Amino acid sequence: MPDHDESQLPSPTLWPVGFAVGIAVALVGLIIDPVIVSSIGGAIAIVFGFLWARSATSELRAQPVEVEPETRALVDGAPPAVAAPVERFPRARFLEGVTLGLGGVIGGIVTLPIAGFALLPPFLGQKRHEVDLGPLTAFPVGKWFISTFMTDPSEGEVTRRTAFIRNNGTVGNNVPSFTIISNRCAHLGCPVQANGPTGAILGEPNVTEHTANGPILLQPVVPAGFGCPCHGGQYDTEGNRTAGPPVRALDRYAFEIKNGHLVLLSTFSVAHVAGTGAQAKIHKYKLAGPGEHVDGPEQWFYPLNPPHH
């Protein structure tokens with residue numbers, strides 16, 4: 001007799017392989033690029049998962065009835081033999097479809113909340129932090145200061161930041177100009193230091209301004225440039241990379257003058273700066289992570305960054 005068990009086996013298909021590849025791409029995308037790569041992986045998984053499920057469920061159709069040869073022979077004086085009824089929806093196929101469906105539902109229930117908590121917060125609206133550094137009179141023209149402040153005092157020391165600030169005087173229609181450089185190294189994010197004498201060595205006292213952002217420490221400094229103590233990255237006084245592994249210039253702070261006070265806004269990345277002081281031409285870009293190129297062909301190899309506030 002023919003082997004009916006073999007006729008019940010599903011036909012080979014590549015849909016499970018494509019589904020697995022889509023899941024793998026989506027998981028890798030969580031690290032590389034949660035927006036583009038994960039979306040592509042999810043789309044691949046959904047398409048191949050659908051095709052896989054459709055292929056599995058299509059085999060639930062009635063199997064062809066095979067009539068044994070001996071039943072075809074008519075017995076003298078007896079009616080033709082009637083083939084035994086075949087189960088229209090084999091139990092194994094039904095259980096397979098139910099298992100796949102429940103597995104997908106459970107996987108979604110487990111995965112979606114985790115992915116939401118991990119990926120959504122950076123893309124949701126967040127409070128914009130403005131930092132009041134004090135009155136303009138605290139920043140004499142041409143003087144450098146190392147400013148230490150908290151972007152959000154309610155969250156404590158975790159929001160403490162440092163910036164290098166110089167008052168460049170005014171430009172155009174008496175518009176104040178400031179150079180405000182972040183101390184985050186463009187290599188791996190280590191804290192950059194000023195290469196030059198500070199406060200006590202210069203014989204100039206540190207100044208503490210009290211604003212809505214708490215105490216703002218202003219330490220006078222005469223930098224010949226800036227250097228990273230971690231891996232030797234070096235920058236000039238405009239933040240341009242001069243040596244070491246950094247791939248671009250130091251980030252900068254946008255600012256505004258509000259009620260006679262210098263107020264820091266968001267940070268942005270800089271490819272390089274041409275010129276100095278008030279006459280500097282800043283090639284600015286959206287804020288990127290340490291080690292990421294922001295111009296040239298290299299920028300294509302780096303993922304999108306979540307919006308910064």
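What percentage of the 309 residues in the chain is buried? Buried residues make up 32%, where buried means under 20% relative accessible area, exposed over 50% and partly exposed in between (1.4 Å probe, protein chains only). The model is predicted, so local features need pLDDT of at least 70 and side-chain atom pairs count only at pLDDT 80 or more, while totals for chains, interfaces and linings use all residues. Residues are numbered from 1 along each chain as its sequence is written, and side-chain values use heavy atoms, with hydrogens and water left out.

**Figure 1. Overview of the chain.** The chain contains six helices and 13 strands; helices (H or I, at least four residues) and strands (E, at least two) are DSSP runs, numbered from the N terminus. Of the contacts between residues at least 6 apart in sequence, 53% join residues at least 24 apart, a contact being heavy atoms within 4.5 Å. The accessible surface comes to about 18200 Å², and carbon and sulfur atoms contribute 64% of it (Shrake-Rupley method, 1.4 Å probe; for residues, only the protein chains shown count as cover).

**Figure 2. A nonpolar surface patch that includes Leu-95.** Phe-94, Leu-95, Val-98, Leu-102, Val-105, Ile-106, Ile-109, Val-110 and Ile-114 make a nonpolar patch of about 870 Å². Patch residues have over 30% relative accessible area and no salt bridge; nonpolar side chains (Val, Leu, Ile, Met, Phe, Trp, Tyr) are joined within 5 Å, like charges within 9 Å. A salt bridge is a side-chain nitrogen of Lys or Arg within 4 Å of a carboxyl oxygen of Asp or Glu. Leu-95 belongs to helix α5 (residues 91-119) and, with a relative accessibility of 47%, is classed as partly exposed.

Figure 3. A disulfide is a covalent bond between the sulfur atoms of two cysteines. Under the criterion of cysteine sulfur atoms within 2.5 Å, the count of disulfides is zero. Cys-185 is in no disulfide, and its nearest cysteine sulfur, that of Cys-228, is 3.9 Å away, which is too far for a bond. Cys-185 is buried at a relative accessible area of 1%; Cys-228 is likewise buried, at 5%.

**Figure 4. A four-stranded open sheet.** The strand order is β5-β8-β9-β10, with antiparallel pairing; two strands pair if DSSP finds at least two bridges between them. Because β5 (193-194) and β10 (241-243) stand at the edges with a single partner strand each, one side of each has no neighbour in the sheet. Strands β8 (residues 226-227) and β9 (residues 234-235) pair in the antiparallel sense over two bridges, and Phe-226 stands opposite Tyr-235 in β9.
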